[in-house]
Amino acid sequence: MKTEILFISDLHIAWDKPEITNRFLHFLDGRATEASTLYILGDLFDAWVGDDDTSSPNPKIRESLKRLTESGVQVYFQQGNRDFLLGKQFCDNTGIVLLDDPYIIDLFGVPTLLMHGDLLCTDDLPYQEFRNKSRSPEWQHNVLSKPLFVRLLVARWYRIRSYFHKRKKTQEIMDVNQDTVTRMMAEHNCLRLIHGHTHRPNIHNFESNGKPAQRFVLTAWTKDKGVALVWDRRGYRIESV
C-alpha cells in the first residue's frame with residue numbers, strides 16, 4: 001500500500017521554460033505514481049490566464065495530471081500568486097482537488113497547515129492590497145470575460161513588470177513576517193507549517209506560544225533541478241527530482 005505524501009511548489013511552468021516542463025512531466029509519470037498523495041502548493045504555472053487557455057505546454061500538463069489521478073494518486077492544488085485564476089474546469093479535466101489557502105491536513109497524526117505562502121508576506125503592503133482585490137469574484141469575472149489573446153498579452157506584460165518590481169523590493173519585504181507566521185499557526189492550532197512562494201527553502205525551528213514549532217519552506221524548481229518534500233510514517237526527507 002502506497003503511503004508516501006509529496007509536496008511541491010513554485011515550478012513556474014511556462015512556454016519558455018521547457019526544461020522545467022519536461023522535468024515535471026517525467027515526475028508525474030514516474031516518481032509521483034509511487035506516492036499516495038501529491039500536494040502542489042501554488043505557482044505551478046508562471047501565469048494562468050484562465051482554464052480555456054490551451055496554449056503549450058498546458059495540454060500536456062493536463063494529460064499527465066489526468067493519468068496520475070486516474071492511477072489512484074490523490075492530487076491537491078493550492079492556488080499561488082501566479083495561478084490564482086486556475087479553476088473548476090481545470091480540476092474537472094485533470095481530477096485534481098482545489099484547496100483553500102490556508103488549509104489543515106492530518107499529516108501522519110500531526111495537524112499541519114498548508115499555504116502557498118504569499119499571505120505570510122505582510123510587510124509587502126502593495127502586494128497584499130493587490131491580492132485582496134484580485135481574489136474577488138468581480139475582479140476575476142472582469143478579467144476572464146476578456147478575449148483569450150488579450151489575457152495572454154497582459155500575462156506576458158505582468159511577468160516583465162513583476163520582474164522589475166521585485167528588483168526594487170528588499171529581500172526582507174518579500175520574505176514572510178515571523179509574527180504573521182506565529183499568529184497564523186496559533187489561529188489554526190498547528191505547530192507545523194508547509195509553504196512555498198518565497199523561494200527560500202529551509203526548515204525553521206522556533207517556538208509558538210511556548211511550544212516547539214516547525215516551518216518547512218519548499219524549494220522553487222529551476223531548469224537544472226526539481227525538489228520534493230517527501231513524508232511517510234518515519235518522517236520527512238528532501239528529494240531531488
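## Basis

This is a predicted model, in which local features need pLDDT of at least 70 and side-chain atom pairs count only at pLDDT 80 or more, while totals for chains, interfaces and linings use all residues. Residues are numbered from 1 along each chain as its sequence is written, and side-chain values use heavy atoms, with hydrogens and water left out.

## Overall form

The protein has eight helices and eleven strands, taken as DSSP runs (helices H or I, at least four residues; strands E, at least two) and numbered from the N terminus. The radius of gyration, taken over C-alpha atoms, is 18 Å; the globule rule (2.2 Å times the number of residues to the power 0.38) gives 18 Å for 241 residues, so the protein is as compact as a globular protein of that length. The C-alpha trace spans about 50 × 45 × 35 Å along its principal axes.

Buried residues (under 20% relative accessible area, 1.4 Å probe, protein chains only) make up 50% of the 241.

## The five-stranded sheet

Five strands form an open sheet with mixed pairing, in the order S5-S6-S7-S9-S8; two strands pair if DSSP finds at least two bridges between them. Strands S5 (103-107) and S8 (202-208) stand at the edges with a single partner strand each, so one side of each lacks a neighbour in the sheet.

Strands S6 (residues 110-114) and S7 (residues 192-195) run parallel and are joined by two bridges. Leu-114 stands opposite Ile-194 in S7.
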